[in-house]
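Please look over the structure shown below before reading on. The report then goes through selected residues, the cores, the rings and the cavities.

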Amino acid sequence: MRNIVLKILQKMKSILFILASMLLFLACSVKKPHYVIGVSQCSEDIWRDKLNDELKMGTYVYNNVELRFASADDSDEKQIDQIHQFLKEGMDLLIVAPNQVAAVSPAIDEVFDKGIPVIVVDRKTNSQKFTAYIGADNYEMGRLMGEYIATQLKGKGRVIEIMGLKGSSPAIDRHNGFVKALSNYPNIALVASLQGDWTEESAIKAVKGYQGDLSNVDFVFGQNDRMAVGARKALSTLSTLRSTKYCGIDGLPGEDNGIACVRDSILEASYIYPTHGDEVLQLAMNILGGKPYEKDNRLMASLVTRDNANVLLLQHEELIRQGHNVDLLHKQSDGYLQELDKQRVITWMAVGIIALLLIAIVLFYIYHLNKISMQRERVVNTLWNMEPQPLPEGRGEDTPAADDQQDGNDPPLSQGEAGGEPVDSSVSLFITRFKEVVEARLDDSDVSVEDLAADMNLSRVQLYRKVKSITDSSPVEILRTARLNRAYQLLLTTDKSVSEVAYAVGFTAPSYFTKCFKDEYGKVPGEVRSS
């Protein structure tokens, strides 16, 4: 039985090898670890829209990243709630631009204390509990714009400043840098620093609400381009201010943004405040991937004037065009990857179905062979354990007990059983006679099927067919089983050696006897005697 199963498994080796190869291939195609990154923006504006778009573009390179965006709309409470929601949903890293330095810092500290990396973008916190910072130097930009204005005024004039959101780190740093630059020019007066909130409307409101003297203002510095444009709209109605000049910070491309305003002489200058969302995402992936990174990452900025505004806009248009092409390619690749995922699922299903079918086939064969083996064993055991039946009157021992010619006129079933099934009386007589013939020749190593058939007064073919139909085994197999049964009894009841037992039951080689014995009983002859 064991040999049959092993043979089946050996025949299936090539199929199983192919299945294993397919499974290995599929296992190697498992996707990289999936990362969730929360992006908490303090507000929603053109600059942050550009940053978000660049972050999304970065995911084209890292397709195992999921970005979740939230905008606080300049509300500390809303941003704190959004950060807590990110924590609740689960994230691997937080990218945050704090609305105000003091108010939002505790929520960021909470994320950091939970072991989640934090990247602070653009704006700072009043804590050192962050993994990395990336952004331009707001103090330096304020200082350089102060130097630019002082140079344009030749060291003499009246200036006003429109500040960003109160309490935000860019507003504080840009103001400090601007004031520092003007301190070197005693003939330049900073008439007022008016409070805005980064929007054009806030600048208009601040200018119109100012109660001081705004006559003869030479230059207006808006801490971003939108507030500079808002101040220009509010002050342009005053005849005494028609020669006033304006500058800002951000230098965003696109119509109606900073660079276009410089080109169209609405602003004298702007300062590009880079977004570089791709670099932000690269920094995040370095942190998540355990690669080297810098804690403080400064982005380069540059001044925009009428001399370079057209070139910068042309470069931006080219970038937009290339970005559009990249986006199209990404969509096409997305379609391809989705199709590949479908094919992967189909392949997995096919492999699973094939594996189940093969398992079912193997189990069926094992069950079938086991059933046959059990049936054969029941019949053979019955053959060797049942008492001999007396021959009917008128029949001698030399008369065949069951010839093939009688198959159509078999007598009624007797009460004898083979393996639980009723045994035909003619079959019972045949079994009795065959048992006697076999047992009489067990010690004859030269006995053949022809010899057994002759003793039964049958032809070799007749004996084979009859034995096969009753036991589903050949006469040779029955002879070998009988010899092994006799050997088992001799090992238990005599002191004969294994070799003597082998010869006594007709085996010419003890080694072959040992092999057959182990195949039949699952143990070697010596183990029977020792147990």
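## Report on the model

Ile 108 has a relative accessible area of 0% and is therefore buried. Buried means under 20% relative accessible area, exposed means over 50%, and partly exposed is in between, with a 1.4 Å probe and protein chains only. The model is predicted, so local features need pLDDT of at least 70 and side-chain atom pairs count only at pLDDT 80 or more, while totals for chains, interfaces and linings use all residues. Residues are numbered from 1 along each chain as its sequence is written, and side-chain values use heavy atoms, with hydrogens and water left out.

Ile 108 sits in helix H5 (residues 101-113). Helices (H or I, at least four residues) and strands (E, at least two) are DSSP runs, numbered from the N terminus. Leaving aside neighbours within four places in sequence, Ile 108 is in contact with Ile 83, Val 96, Pro 98, Val 118, Thr 125 and Lys 129. Contact means heavy atoms within 4.5 Å. Ser 127 is 19 residues from Ile 108 in sequence, and their C-alpha atoms are 8.9 Å apart in space.

The protein chain has 531 residues, of which 43% count as buried. It holds 19 helices and 14 strands. Among its contacts with a separation of 6 or more, 71% are between residues 24 or more positions apart.

### Further residues

Phe 430 belongs to helix H13 (residues 425-440). Its relative accessibility is 3%, so Phe 430 counts as buried. Val 467 is 37 residues from Phe 430 along the chain, and the two C-alpha atoms are separated by 9.2 Å.

Gln 195 is part of strand S7 (residues 188-195). At 37% relative accessibility, Gln 195 counts as partly exposed. Not counting residues up to four places away in sequence, Gln 195 touches Met 163, Gly 164, Leu 165, Lys 166, Ser 202 and Ala 206. One of these, Ala 206, is 11 residues away in sequence and 6.3 Å away in space, C-alpha to C-alpha.

### Positive phi

Most residues other than glycine have a negative phi. Which values of phi and accessibility do Asp 122 and His 276 have? The table gives them.

| Residue | Phi | Relative accessible area |
|---|---|---|
| Asp 122 | about 70 degrees | 4%, buried |
| His 276 | about 50 degrees | 29%, partly exposed |

Asp 122 is located in the loop between strand S4 (118-121) and strand S5 (132-135). His 276 is located in the loop between strand S10 (270-272) and H11.

### Nonpolar cores

In soluble globular proteins, nonpolar side chains tend to be buried together. A nonpolar core is a set of buried Ala, Val, Leu, Ile, Met, Phe, Trp, Tyr and Cys residues joined through side-chain atoms within 4.5 Å. The largest such core has 58 residues, and Ile 37, Ile 95, Ile 119 and Ile 149 touch the most other members. Helix H11 (residues 277-288) gives the largest share of this core, seven residues. A second, separate core has 28 residues, including Leu 214, Val 217, Met 227 and Leu 312.

Ile 119 has contacts beyond its neighbours within four places in sequence, among them Leu 93, Ile 95, Ala 132, Val 280 and Ile 287.

### Rings and charges

Rings of Phe, Tyr and Trp (its six-membered ring) pair if their centres lie within 6.5 Å. By this rule there are nine aromatic pairs. Ring pairs join Tyr 488, Phe 507, Tyr 512, Phe 513, Phe 517 and Tyr 521 into a cluster.

A charge sits over a ring if NZ of Lys or CZ of Arg is within 6 Å of the ring centre and within 35 degrees of the ring normal. Lys 56 lies over the face of Phe 69, 5.4 Å from the ring centre. Lys 295 lies over the face of Phe 130, 4.8 Å from the ring centre.

### Cavities

On a 1 Å grid over the protein atoms alone, a cavity is a set of points where a 1.4 Å probe fits but cannot get out, and lining residues have an atom within 4 Å of a point. Grid points are joined across faces, edges and corners, and a volume is the space filled by probe spheres set on the points. The structure has two cavities of 30 Å³ or more, and the largest cavity has a volume of about 130 Å³. Its lining includes Asp 45, Trp 47, Arg 48, Asp 122, Arg 174 and Tyr 273. Helix H3 (46-58) and helix H7 (169-182) each supply at least two residues of this lining.

Definitions and conventions:
Rings of Phe, Tyr and Trp (its six-membered ring) pair if their centres lie within 6.5 Å; planes under 30 degrees apart count as stacked, over 60 as edge-to-face and the rest as tilted. On a 1 Å grid over the protein atoms alone, a cavity is a set of points where a 1.4 Å probe fits but cannot get out, and a pocket is an open set with protein on both sides within 12 Å along at least five of seven lines; lining residues have an atom within 4 Å of a point.
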